[in-house]
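Keep the model open while you read.

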Amino acid sequence: MKEPYVLITAFYALSLKEYHMEMHQHTSWEIMYVTKGSCKIYVRNQEFLVKEQQFIYLNADIPHKLEVSNE
């Protein structure tokens with residue numbers, strides 16, 4: 001049987017008023033989609049503001065962290 005082109009290995013939905021994550025990386029790709037509010041994604045030394053109905057795509061092995069502020 002032929003392997004699928006895209007394989008989803010994890011899925012989670014979070015609703016957070018405040019959250020601070022340490023810098024980390026994955027061996028797989030990651031897509032973050034904001035359904036409500038906004039958050040900041042730090043990728044290496046860059047900061048990205050991701051707002052409602054926007055997403056960010058991260059390649060594998062890219063250092064990143066997520067910050068959700070209650071402001």
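## Glu67 and its neighbours

Leaving aside residues up to four places away in sequence, Glu67 touches Tyr19, His20, Met21, Cys39, Lys40 and Tyr42; contact here means heavy atoms within 4.5 Å. With His20 there is also a side-chain to side-chain polar contact at 2.2 Å (a pair of N or O atoms within 3.5 Å; within protein, one must be able to donate a hydrogen and the other to accept it, and residues adjacent in sequence count only if both atoms are side-chain atoms).

Is Glu67 buried or exposed? Its relative accessible area is 16%, so it counts as buried (under 20% is buried, over 50% exposed, and partly exposed is in between, using a 1.4 Å probe and protein chains only). Glu67 sits in strand S6.

A word on the ground rules: this is a predicted model, where local features need pLDDT of at least 70 and side-chain atom pairs count only at pLDDT 80 or more, while totals for chains, interfaces and linings use all residues. Residues are numbered from 1 along each chain as its sequence is written, and side-chain values use heavy atoms, with hydrogens and water left out.

## The strands

The chain has six strands and zero helices (DSSP runs numbered from the N terminus: E of at least two residues for strands, H or I of at least four for helices). Strand S2 (residues 30-33) runs antiparallel to S5, and four bridges join them; strands pair if DSSP finds at least two bridges between them.

In S5 (residues 55-58), Ile56 and Leu58 are on the covered face, whereas Phe55 and Tyr57 are on the uncovered one.

## The largest pocket

How many residues line the largest pocket? There are 38, and Tyr12, Glu30, Ile31, Met32 and Tyr33 lie nearest its centre. S2, S3 (38-43) and S6 (64-68) each give at least two residues to this lining. A pocket is an open set of points on a 1 Å grid over the protein atoms alone, where a 1.4 Å probe fits, with protein on both sides within 12 Å along at least five of seven lines; lining residues have an atom within 4 Å of a point.

## The chain overall

Of the 71 residues in the chain, 21% are buried. The C-alpha trace spans about 50 × 25 × 15 Å along its principal axes.
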